[in-house]
Amino acid sequence: MKRTKHIRARLFDYPLSPLLDAEHAITPETSRSAIPPVVYQTWEENLFGKRHLAALQAFRANNPDLQFVLMDRKVRDDYMARTWGEHPVYPIYCGAQFGPMRADIFRYCLLHDRGGYYFDINKAVTCPIRALHPAGATAVLSHELSECNILPDREILGFFPHPGQNIIQWSFGFAAGHPFLKRTIDYICDYADTYANRVFHNPKSAILQLTGPGVFTKAVRDCLKADPSLASSLCIIGENYGGRAETNLPGSEVRYLRQPPYFQSRNQPILVLRETHAAHPIVAASPDCQPVA
C-alpha cells in the first residue's frame with residue numbers, strides 16, 4: 001500500500017515545491033478589525049505536492065485582504081526559544097515527542113503574542129475568512145463534528161451552538177493576548193506532568209487531550225464561566241464553520257510520505273521530561289530544541 005501511495009504521488013504530485021508567501025493589500029477597513037489581518041500556518045518543511053500546493057494557493061487567492069505566513073519547523077523552534085524560552089511551556093514544547101504537539105503549543109503562543117488567524121496546513125474554508133465574523137470579534141471559533149462527552153456548565157450552555165461537541169483548534173482567530181489562549185497555555189503547563197514519561201497505547205488520544213481540542217475546549221469553557229462578558233466579542237460558528245470548512249485539502253496526504261503520521265503510532269510516550277512537578281521541568285529535548293536549565 002505504501003508503494004502504491006508513492007507511485008500515485010510520483011504521477012500526480014511530484015516534484016514537491018515550496019509555498020511562497022505573497023504580501024496582499026491590507027485595506028484600512030481590514031486593519032481596523034480587532035483580529036490582525038494575518039493567517040499563520042506551520043508544517044515541518046516548506047515542500048508540498050502539486051495538488052496540495054495549488055489548493056493552498058487558491059486559499060490565499062480567496063483572501064486577498066489577508067497576509068499569509070508559513071513557518072517551518074526551524075522557524076517555529078527559533079520563535080519558541082526566543083519568545084517563550086523562559087516560560088514553563090517551553091520545556092514542554094521541547095519534550096513533545098510528536099510534531100503535531102509542538103504545532104499545537106506554537107499556535108497558542110504565537111496568536112497570544114501577535115493575534116491573527118491560524119489554519120492547519122491541510123485545512124481551509126471555502127469563503128473569505130473575514131466573511132465569517134463581524135469586525136469587532138476578538139475570538140472566532142467553530143465546533144468540531146466530534147463529541148465532547150462532558151457538557152459545559154449550565155450557566156454557559158447557551159454560548160455554544162453545539163455544546164456537546166469539541167471546539168476546533170485546527171483553525172481559529174484571535175486578538176492578541178486573548179484569555180482563551182492564556183488559559184490554554186496555563187492548562188498545558190498544569191497537566192503536563194500527568195502525561196509526561198508515560199507510554200500510551202494510542203498516543204493520538206493523549207495528544208488530543210493535552211495539547212489539542214480537549215484542553216482548548218476546557219479552557220474556552222472555563223474562561224466563559226469565570227468571565228461571561230467575554231461572550232460579547234466571541235463569534236462561535238456551527239459545525240466546521242457552518243459547513244464551509246475544507247478539512248482535507250486535495251493532495252495534502254502526500255506530506256506524510258516524508259513525515260510519518262502521528263496517528264499511526266502505538267505504545268509510545270507523547271512527552272518526555274526528566275523532572276516533573278516543577279515550575280521549569282528539565283526536558284529530554286528533541287534535536288531541534290535547547291533544554292532549559
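**Ground rules.** I number residues from 1 along each chain as its sequence is written, and I use heavy atoms for side-chain values, leaving out hydrogens and water. The model is predicted, so I ask pLDDT of at least 70 for local features and 80 or more for side-chain atom pairs, while totals for chains, interfaces and linings use all residues.

**Aromatic pairs.** I searched the whole structure and got 17 aromatic pairs. Rings of Phe, Tyr and Trp (its six-membered ring) pair if their centres lie within 6.5 Å; planes under 30 degrees apart are stacked, over 60 edge-to-face, the rest tilted. I looked up Phe119 and Trp170: tilted, 6.4 Å centre to centre, 55 degrees between the planes. Phe119 is in strand 3 and Trp170 in the loop between strand 6 and strand 7, so this pair ties together parts 51 residues apart in sequence. Helices (H or I, at least four residues) and strands (E, at least two) are DSSP runs, numbered from the N terminus.

Next I took Trp170 with Tyr241. Their centres are 6.0 Å apart and their planes at 70 degrees, so I log the pair as edge-to-face. Tyr241 lies in helix 10, so the parts tied together here are 71 residues apart in sequence. Trp170 is buried at 8% relative accessibility, and Tyr241 is buried at 2%. Buried means under 20% relative accessible area, exposed over 50%, partly exposed in between (1.4 Å probe, protein chains only).

**Charge over ring.** I found the charged end of Arg255 over the ring of Trp43, 5.0 Å from its centre. The test is NZ of Lys or CZ of Arg within 6 Å of the ring centre and within 35 degrees of the ring normal.

On a 1 Å grid over the protein atoms alone, a cavity is a set of points where a 1.4 Å probe fits but cannot get out; a pocket is an open set with protein on both sides within 12 Å along at least five of seven lines; lining residues have an atom within 4 Å of a point. The largest cavity has a volume of about 50 Å³. Trp43 and Arg255 are among the residues that line the largest cavity.

The largest pocket holds about 900 Å³ of space. Of its 36 lining residues, Pro100, Asp120, Arg255, Tyr256 and Tyr262 are the closest to its centre. Helix 6 gives the largest share of that lining, six residues.

Note on methods
Grid points are joined across faces, edges and corners, and a volume is the space filled by probe spheres set on the points.
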